[in-house]
Amino acid sequence: MSLTKIEQLFQEKLAQLQAQGISKGNEKVITGRQAAAEGLGPRYFLQGYGQQAFLRMNSNSYLGLAEHARLMQAEAEAVERFGTGPGAVRFISGTCQPHVELEQKLAQFHGRDAAMIMSAAYATMVGVLPQFISDETLVISDALNHNCIINAIRLAHPARKEIYAHNDVNALDRLLDANKGQVKRVCVVTDGIFSMRGDHAPLDRINRCCQRHADGYEEGIITVVDDSHGVGAFGETGRGTEEYMGSQADILIATLGKAFGVNGGYIVASKIVIDYLRETAPLYIYSNPITPAEAAAALAALDIVDSQEGAHLLAKLRKLSALLRSGLEQLGFETLPGEHPIVPILVRDTQKTSALVAHLFAQRILVTGLNYPVVPNGEQEIRLQVSADHTEQDIDYLLAALANFGA
């Protein structure tokens, strides 16, 4: 057997991705961390760049909990007690006490009956969304939904799929009205916080719209929200888009790997739904869970978010995000309003976006540039992400570097 022929095809595909400007390229390897000092937040060292220390403005660790002493201690103690891995899938012998306690805590945190943890948020969406979709189901999806939602829908093979313009509830309303009598069930799925822009779904209006049309479908309408970027980082107490909008989805999917600083994904819903998923979701049944130590660390993270310390971190996060947005506007950069720590710079030009990423890297600042066709042409942007372990001096340093762009 030989890979020669297929490797040639792969090489052509790689060259095509590079020509389109969407190749990820070589990954930057973090080799160490410099602790916060002298009014500055932590800095990071990269392989190949010696002792140059970089400000990280592209991390999902919104509360800075990944390096929190309580999480590291909880994880270390759980490793001593349970070992480094679960050793089996859940239904065989891979369920440990921290897994069960974490699921109970997540359900309580979100005001639901039950929760189920999985290996990652992406795996959660891909693993559970198809279980809500039959061959007589219409799926309606926001135009800017995350890749995990897009692929989950493809795997589900619904009777029909519709896309509504980003956050356009009137368009959703028209679709729900037009499809009555044609399918038995509707699944409306949206991100809570949209990862490219930091804006949020109008969940209250979506729910009211679905309620108006629910009687027109024999098996009703299910709302599914992936709030991986919202939970822990958005809302007065970190409950995400649901808290901010004062409205709950039927099914909420989120992650432990962003604001909570650990690893893994989860779903919260009614007990019947969770019991059903434990018996039917292949990525839950046949995949190992997160480690018991990760579950213990996530429990510590939830305790912190629900404490005075958590309230302080969330308030600081909102303050720094507002400071960055205000500074960008004063410099003449286009951004989007909001309270979420994703703060985009809408550059709207591929070459300028790439040049700005390179300029900031030269100033030892790590950012993420999003170019066409990853985003629509004209929507090219730099995605900045604020963390509670940043400082006002960090924001000032970033704004000063941006002010020098093109000088």
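On a 1 Å grid over the protein atoms alone, a cavity is a set of points where a 1.4 Å probe fits but cannot get out, and its lining residues have an atom within 4 Å of a point. Grid points are joined across faces, edges and corners, and a volume is the space filled by probe spheres set on the points.

This is a predicted model, in which local features need pLDDT of at least 70 and side-chain atom pairs count only at pLDDT 80 or more, while totals for chains, interfaces and linings use all residues. Residues are numbered from 1 along each chain as its sequence is written, and side-chain values use heavy atoms, with hydrogens and water left out.

**The cavities**

Two cavities of 30 Å³ or more are present in the structure. Select R90, I117, M118, S119, L283, Y284, S287, N288 and P289 to display its lining. Strand β4 (114–118) and helix α11 (282–285) each contribute at least two residues to this lining; helices (H or I, at least four residues) and strands (E, at least two) are DSSP runs, numbered from the N terminus. By class, the lining has five nonpolar residues, three polar and one charged. Here Ala, Val, Leu, Ile, Met, Phe, Trp, Tyr, Cys and Pro count as nonpolar, Asp, Glu, Lys and Arg as charged, and the others, Gly among them, as polar.

Next, select A233, F234, G235, L314, R318 and E339, which line the second largest cavity. The volume of this second largest cavity is about 30 Å³. Domain 1 (26–56 + 308–404) and domain 2 (69–306) each provide at least three residues of its lining, with domain bounds taken from an automatic or database domain assignment.

**Two helices**

Move to helix α5 (residues 121–128). Seven of its eight residues are buried, so the helix is largely enclosed by the rest of the structure. Buried means under 20% relative accessible area (1.4 Å probe, protein chains only). The buried residues of α5 are A121, A123, T124, M125, V126, G127 and V128.

Now select helix α15, where D394, I395, L398, L399, A401 and L402 are buried. These residues lie on the same side of α15, because they cover an arc of only 160° around the axis, the arc being that of the directions from the helix axis to the C-beta atoms.

**A final stop**

Finish at D142, in strand β5 (residues 137–142). Is D142 buried or exposed? At 2% relative accessibility, D142 counts as buried.

Technical notes. 1 Å grid on protein atoms, 1.4 Å probe; cavity = no way out; pocket = protein on both sides within 12 Å on 5 of 7 lines; lining within 4 Å. Buried < 20%, exposed > 50% of the residue type's maximum accessible area, 1.4 Å probe, protein only.
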